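Hi everyone, thanks for coming.

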Amino acid sequence: MVRGLLLGGAVAALFASALPAQAESPFVDPPPDKIIIKVATVNGSGCPQGTAAVAVSPDNTAFTVTYSDYLAQVGGGAPSTAFRKNCQLNLIVHVPGGFTYAIASVDYRGFASLQRGASGVEKASYYFQGSPDTASRTHTFNGPYEDNWQATDETDWAQLVWAPCGVERNFNINTELRVNRGSSPANSTSFMTMDSTDGDISTIYHLAWKECPSG
């Protein structure tokens, strides 16, 4: 069953600051009418039911996905399958008429505790329903590491994948966290989270907009 958009929390994000300044850029100001995002389905070991929420920024330049139970771990009594966690979000995005959007950049954040010899991987891909074009990025963190982590995926404006004009296509986001023991001691514990129980850590998707061709 479609779950309604969970609103709340301002997002301080301006996509223009992350984009190359080129005269032929097709970007325009965000539409004045509010976009609406509904979660159609949520699946995956990294986002059990009720642990992922979506919110749109007040200025239509970004939306956030907040997780509260996204943890990959090796050691410490964790099950053998806990080294990899994933989440698949299928979003219904209603945009104002006459406009289309693309994902210009994405900010991923979390915390990692990786022993020497271990490593952690964050991977993400996103695509529009029915589109053969999939954007995919991978980021690796090597131990020893004991800190917050952040990874940013940026796409040049000429390479952006735009939502088709005049039709509604669901937007799919697939993310993955993976922790590899590597050469770390067998009795050690390493983990990586995209967890945000305190509400301070969210994945931010920065939007770019352009007007659809008339007619």
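**A hairpin, some charges and a pocket**

Let's begin with a hairpin: β7 and β8 form it, with six residues between them, and in the turn Gly-130 has a positive phi of about 80°. Please keep in mind that this is a predicted model. The two strands, β7 at residues 119–128 and β8 at residues 135–142, run antiparallel and pair over eight bridges.

Now to the charges. How many salt bridges does a search of the whole structure find? The answer is two. In one, the side chains of Arg-84 and Glu-176 meet at 3.4 Å, N to O. That pair links distant parts of the chain, since Arg-84 sits in strand β5 and Glu-176 in strand β10, 92 residues apart. Glu-176 also forms a salt bridge with Arg-178, where the closest N and O atoms are 2.8 Å apart. Together, Arg-84, Glu-176 and Arg-178 make a network.

Is Glu-176 buried or exposed? It has 13% relative accessibility, so it counts as buried. Arg-84, at 30%, counts as partly exposed, and Arg-178, at 26%, is also partly exposed.

Last stop: the second largest pocket, with a volume of about 180 Å³. It is lined by 17 residues, and those closest to its centre are Val-95, Phe-99, Pro-164, Gly-166 and Val-167. Strands β5 and β6 are the elements that give two or more residues to this lining, and β6 has the largest share, with three. By type, the lining divides into 10 nonpolar, five polar and two charged residues.

Technical notes. Residues are numbered from 1 along each chain as its sequence is written. This is a predicted model: local features need pLDDT of at least 70, side-chain atom pairs count only at pLDDT 80 or more; totals for chains, interfaces and linings use all residues. Side-chain values use heavy atoms; hydrogens and water are left out. On a 1 Å grid over the protein atoms alone, a cavity is a set of points where a 1.4 Å probe fits but cannot get out, and a pocket is an open set with protein on both sides within 12 Å along at least five of seven lines; lining residues have an atom within 4 Å of a point. Grid points are joined across faces, edges and corners, and a volume is the space filled by probe spheres set on the points. Helices (H or I, at least four residues) and strands (E, at least two) are DSSP runs, numbered from the N terminus. Ala, Val, Leu, Ile, Met, Phe, Trp, Tyr, Cys and Pro count as nonpolar, Asp, Glu, Lys and Arg as charged, and the others, Gly among them, as polar. Two strands pair if DSSP finds at least two bridges between them. A salt bridge is a side-chain nitrogen of Lys or Arg within 4 Å of a carboxyl oxygen of Asp or Glu. Buried means under 20% relative accessible area, exposed over 50%, partly exposed in between (1.4 Å probe, protein chains only).
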